[in-house]
Amino acid sequence: LMDFKVADLSLADFGRKEIRLAEHEMPGLMATRKEFAASQPLKGAKIMGSLHMTIQTAVLIETLVALGADVRWVSCNIFSTQDHAAAAVVVGQNGTPENPSGVPVFAWKGETLEEYWWCTEQALQWPDGSGPNMILDDGGDATLLVHKGAEFEKTGVVPTAGEDDPEEWAIILDTLRRTVGPDKRWTKIAEGIKGVTEETTTGVHRLYEMHREGRLLFPAINVNDSVTKSKFDNKYGCRHSVIDGLNRATDVLIGGKVAVVCGYGDVGKGCADALRGQGARVIVTEVDPICALQAAMDGFQVTTLDDVVGTADIFVTCTGNYNIITADHMSKMKHQAIVSNIGHFDNEIDIAGLARIPGVVKEEVKPQVHTWTFADGHSIIVLAEGRLMNLGCATGHPSFVMSNSFTNQVIAQIELFAKTENYPIGVYVLPKHLDEKVARLHLDALGVKLTTLSKKQAEYIGVDVEGPYKPDHYRY
Ligand SMILES: NC(=O)c1ccc[n+]([C@@H]2O[C@H](COP(=O)([O-])OP(=O)(O)OC[C@H]3O[C@@H](n4cnc5c(N)ncnc54)[C@H](O)[C@@H]3O)[C@@H](O)[C@H]2O)c1
Ligand SMILES: O=C(Nc1ccc2nc(N3CCOCC3)sc2c1)c1ccc(CN2C(=O)C=NC2=O)cc1
């Protein structure tokens with residue numbers, strides 16, 4: 001009998017239909033299923049995954065299984081689970097809600113923090129008491145729990161805080177106190193892990209920090225910095241989903257309006273391009289002269305937020321920085337200006353400051369869309385309460401974008417599991433030829449025909465005919 005905990009198995013049929021549609025939009029993952037069907041490179045792999053339990057992630061999970069892996073899964077965010085995706089993964093392609101035969105998933109939308117860490121603990125232990133030999137992480141929480149558990153068992157001393165939020169750290173400590181013991185469970189789990197592949201900037205930062213401090217217990221592949229992951233996530237994902245979020249939230253006509261994009265990095269470039277595509281007059285704000293020059297070269301007006309805060313209609317922050325749009329800015333905005341963030345978690349817009357303005361009144365129009373009315377009677381519309389509007393007001397990135405990110409994950413899992421000897425403890429990025437391979441696996445679906453270098457041409461530019469085509473420091 002399989003162990004799992006999800007919201008509602010009866011949603012499996014709906015989830016399966018959406019997974020089928022997503023598979024068509026995830027050609028990289030489906031191509032790896034074909035390429036590796038015979039060789040089963042992940043046979044023997046026991047993968048614990050901690051990554052948003054969405055429809056796209058379901059396709060990733062079932063790809064890992066198709067390559068031979070034994071998988072257990074949790075979400076890495078208490079709100080990001082799509083319950084129909086979780087249900088479909090548990091039931092599996094041949095099971096029924098009465099007789100599920102898929103993959104153990106411990107995730108549901110709206111977990112408490114205690115439930116979140118309970119789920120992570122469940123997925124790190126197989127029914128026979130053994131642990132995983134691979135981790136697939138997004139944000140580093142699974143890697144953190146294993147490391148802090150092993151540290152606690154080794155020193156016998158309560159480990160120092162690994163989480164910024166004291167409430168969350170207290171919950172992790174409770175988990176550790178309850179599970180750390182003479183059986184050295186966490187030490188055994190850590191010793192059994194060949195490596196971890198990490199999805200995002202936050203998790204990668206934590207890995208480099210652990211390695212720098214000599215605390216990293218197994219090798220890691222930084223998937224985030226694959227070009228075919230971060231460019232897609234940041235630029236093409238947001239280019240699609242900033243419009244998706246704005247339309248679902250407000251249905252405002254973007255054409256003819258003035259839109260301000262704060263930050264012209266990968267995300268800002270995608271957002272400015274998308275908003276211009278809808279006919280908005282886009283104004284960019286930047287602190288970096290190079291990015292500001294790029295914006296100007298791309299035909300955007302570049303000025304300060306103070307210059308345009310009273311005349312613009314739509315604001316999108318994508319700086320990765322904090323306190324970009326202040327309460328004072330918002331009080332000066334025109335009636336029904338739309339304010340949104342697609343950049344850093346939840347502090348690019350000063351919502352707390354806005355709430356402290358005397359006489360301001362917040363009203364929910366519908367989930368994730370609020371009006372804030374000032375004492376003088378004018379209002380602004382704030383999306384997702386200043387949090388990531390493409391997640392709060394839309395469904396994150398489209399499947400094709402995630403196919404690029406997740407094909408990197410599958411290739412990285414195979415690298416670490418099948419070629420562990422090539423990866424002494426440390427943090428690695430995928431070699432460029434594998435990054436290029438991810439791109440190759442997506443070309444047929446878009447009808448792309450690549451040109452082949454002649455031998456002489458390859459020699460002329462100093463590359464192999466088959467690539468890699470660029471030096472490691474090349475900026476795409
Ligand atoms: N919502 C999503 O789905 C999603 C996807 C990918 C990345 N992100 C997040 O978006 C943020 C930006 O990502 P990125 O890859 O574009 O980063 P980036 O560093 O490439 O770009 C950020 C830009 O903002 C500029 N900036 C910093 N402070 C500023 C300020 N005060 N005013 C104006 N500009 C300022 C920087 O100079 C930089 O050019 C990050 O927090 C990233 O985690 C969100
Ligand atoms: O974080 C994600 N999603 C998310 C969804 C809803 C949500 N609601 C929230 N709250 C806050 C408090 O008040 C209540 C509402 S926070 C929140 C977060 C998320 C990130 C990346 C991908 C990337 N991705 C995949 O991994 C697969 N497809 C994708 O797009 C997904 C979700």
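## Ligand 1: contacts

In this predicted model, a polar side-chain atom of Asn390 sits 2.9 Å from an oxygen atom of ligand 1. Backbone atoms also approach the ligand. For Val267, a backbone N or O atom is 2.9 Å from an oxygen atom of ligand 1. For Asp266, a polar backbone atom is 3.2 Å from an oxygen atom of ligand 1. On its own, ligand 1 has 860 Å² of accessible area, and the protein covers 75% of that area.

## Ligand 1: shell

How many residues surround ligand 1? The count is 23, and the closest are Asn234, Val267, Glu286, Ile342 and Asn390. By residue class, the shell around ligand 1 holds eleven polar, eight nonpolar and four charged residues.

Two helices, H10 (227–250) and H11 (266–277), each supply at least two residues of the shell around ligand 1. H10 gives the largest share of that shell, with three residues.

## Ligand 2: contacts

The side chain of Gln56 has an N or O atom 2.9 Å from a nitrogen atom of ligand 2. Helix H3 (55–66) and helix H17 (399–418) are the elements that give two or more residues to the shell around ligand 2.

## Ligand 2: shell and a side-chain pair

Ligand 2 has 16 residues around it, and His52, Thr54, Gln56, Arg387 and His397 come nearest. The shell around ligand 2 is made up of nine polar, five nonpolar and two charged residues.

Gln56 also takes part in a contact within the protein: its side chain makes a polar contact with the side chain of Ser399, at 3.1 Å. Ser399 is in helix H17. With a relative accessibility of 13%, Ser399 counts as buried, because the cut-off for buried is under 20%.

## Helix H1

Does the span of H1 agree or disagree with its residue count? Helix H1 covers residues 12–24, and its 13 residues should span 18 Å at 1.5 Å a residue; the end C-alpha atoms are 19 Å apart, which agrees.

The buried residues of H1 are Ala12, Gly15, Arg16, Ile19, Ala22 and Glu23. Seen down the axis of H1, these residues fall within an arc of 120°, so they line one face of the helix. An α-helix has 3.6 residues a turn, so residues three or four places apart point the same way. On the face of H1 turned away from the buried side are the exposed residues Arg20, Leu21 and His24.

## Backbone details

Most residues other than glycine have a negative phi, and most peptide bonds are trans. The cases below depart from that pattern.

Lys184 is not a glycine, yet has a positive phi of about 50°. Lys184 belongs to the loop between helix H7 (166–179) and helix H8 (185–192). Its relative accessibility is 35%, so Lys184 counts as partly exposed. Ala384 is not a glycine either, and has a positive phi of about 50°. The loop that holds Ala384 runs between strand E14 (379–383) and helix H16 (389–392). Is Ala384 buried or exposed? Ala384 counts as buried, at 0% relative accessibility.

## A cis bond and a separation

Gly467 and Pro468 are joined by a cis peptide bond, with omega at about -5°. Pro468 is placed in the segment after helix H19 (455–461).

Asp298 lies in the loop between helix H12 (289–297) and strand E9 (301–302). A relative accessible area of 34% makes Asp298 partly exposed. Between Asp298 and Pro471 the sequence separation is 173 residues, and the C-alpha to C-alpha distance is 26 Å.

Definitions and conventions: Residues are numbered from 1 along each chain as its sequence is written. Chains are lettered from A and ligands numbered from 1 in the order in which they are written. This is a predicted model: local features need pLDDT of at least 70, side-chain atom pairs count only at pLDDT 80 or more; totals for chains, interfaces and linings use all residues. Side-chain values use heavy atoms; hydrogens and water are left out. A residue is near a molecule or strand if one of its heavy atoms lies within 4 Å of it. A polar contact is a pair of N or O atoms within 3.5 Å; within protein, one must be able to donate a hydrogen and the other to accept it, and residues adjacent in sequence count only if both atoms are side-chain atoms. Accessible areas come from the Shrake-Rupley method with a 1.4 Å probe; for residues, only the protein chains shown count as cover. Helices (H or I, at least four residues) and strands (E, at least two) are DSSP runs, numbered from the N terminus. Ala, Val, Leu, Ile, Met, Phe, Trp, Tyr, Cys and Pro count as nonpolar, Asp, Glu, Lys and Arg as charged, and the others, Gly among them, as polar. The expected span of a helix is 1.5 Å times one less than its number of residues. Buried means under 20% relative accessible area, exposed over 50%, partly exposed in between (1.4 Å probe, protein chains only). The arc is that of the directions from the helix axis to the C-beta atoms.
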